[in-house]
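I opened this model to look up its sheet, its helix packing and its backbone details, and I keep my notes below in the order in which I checked things.

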Amino acid sequence: MFSYTAGSLKSELNAKGWRLTPQREIILQVFQNLPRGNHLSAEELHELLVQRGEAVSLSTVYRTVKLMTRMGILRELELAEGHKHYELNSASPHHHHHLVCVQCNRTIEFENDSIWKQGLKQVEKAGFQMIDCQLTIYTICPEALRMGWPASVPSHWACSRSIASMSALNVGS
């Protein structure tokens, strides 16, 4: 894994018989400029592109994030919202994993090199090449626990930190 530029993405796509389309380049740029710790669903990415005036269909977004995930450029994440999210795939020292609250969907990133090293050891032992290594730990946040989860917490409730982080993401759009 390495940091992709438009040129390196073009070379890799061309080697596989594909082209670097303007849409693919724009999507790469969005993820390269996404603040660390932010993840986008295909729908959120599409909405962001539409807000910027880019003519990219939702189906193109889906195909592109799937392609970039297979290439190892993006990480596909299964968080608590019931749909996939994506982020730029980066190797150590920025490789990270996720704690996800299943009540409020709050996500916290954490780094742990031993997870990466153990994954790499298993991959090399099997003769494979690693594209990604991720651990997602599903949790209940402290605020939901204080409220008496699961009996006393409404299903639509979100903790204050989760609401604050969603607001910060929407402000930057």
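What is the order of the strands in the open sheet of three strands, and what is the pairing? I first noted that this is a predicted model, in which local features need pLDDT of at least 70 and side-chain atom pairs count only at pLDDT 80 or more, while totals for chains, interfaces and linings use all residues. Residues are numbered from 1 along each chain as its sequence is written, and side-chain values use heavy atoms, with hydrogens and water left out.

**Sheet.** I read the order as β4-β3-β5, with mixed pairing. The edge strands, each pairing on one side only, are β4 (107–110) and β5 (136–139). The twist from one strand to the next averages 20°. For the terms, strands (E, at least two residues) and helices (H or I, at least four) are DSSP runs numbered from the N terminus, and two strands pair if DSSP finds at least two bridges between them. I then looked at β3 (residues 97–101) and found four bridges to β4, the two strands running antiparallel. Leu99 has Ile108 in β4 as its bridge partner.

**Loop residues.** In the loop between β3 and β4 I found Asn105, which has a positive phi of about 70° although it is not a glycine.

**α2 against α4.** How do the axes of α2 and α4 cross, and at roughly what angle? The axes of α2 (residues 22–33) and α4 (residues 58–70) come within 10 Å and cross at roughly 65°; axes here are lines fitted to C-alpha atoms, for helices over the stretch in contact, and angles run from 0 to 180 degrees between N-to-C directions. The two helices are therefore roughly perpendicular to each other (angles under 35 degrees count as roughly parallel, over 145 as roughly antiparallel, 65 to 115 as roughly perpendicular and the rest as oblique). On the α2 side the contact (heavy atoms within 4.5 Å) includes Ile27, Leu28 and Phe31, and on the α4 side it includes Val61, Val65 and Met68. I noted its residues as seven nonpolar, three polar and one charged, where Ala, Val, Leu, Ile, Met, Phe, Trp, Tyr, Cys and Pro count as nonpolar, Asp, Glu, Lys and Arg as charged, and the others, Gly among them, as polar.

**α2 against α3.** I found α2 and α3 packed at an angle of about 105°, with axes 11 Å apart, which makes α2 roughly perpendicular to α3. Ile26, Ile27, Val30 and Phe31 of α2 meet Leu45, Leu48 and Leu49 of α3. By class, this contact of α2 with α3 has seven nonpolar, no polar and no charged residues.

**α3 against α4.** For α3 and α4 I noted an angle of about 125° and axes 9 Å apart, and the two are therefore oblique to each other. Ala42, Glu43, Leu45, His46 and Leu49 in α3 meet Leu58, Val61, Tyr62 and Val65 in α4. The residues of the contact of α3 with α4 divide into seven nonpolar, one polar and one charged.

**Confidence.** Last, I checked pLDDT, the predictor's confidence in each residue, from 0 to 100. The chain averages 82, and 87% of the residues score at least 70. Confidence in the chain is highest in α3 (residues 42–51), at a mean of 96, and lowest in α7 (residues 160–171), at 51. Over residues 166–173 pLDDT stays under 50, and for these the model has three contacts beyond four places in sequence.
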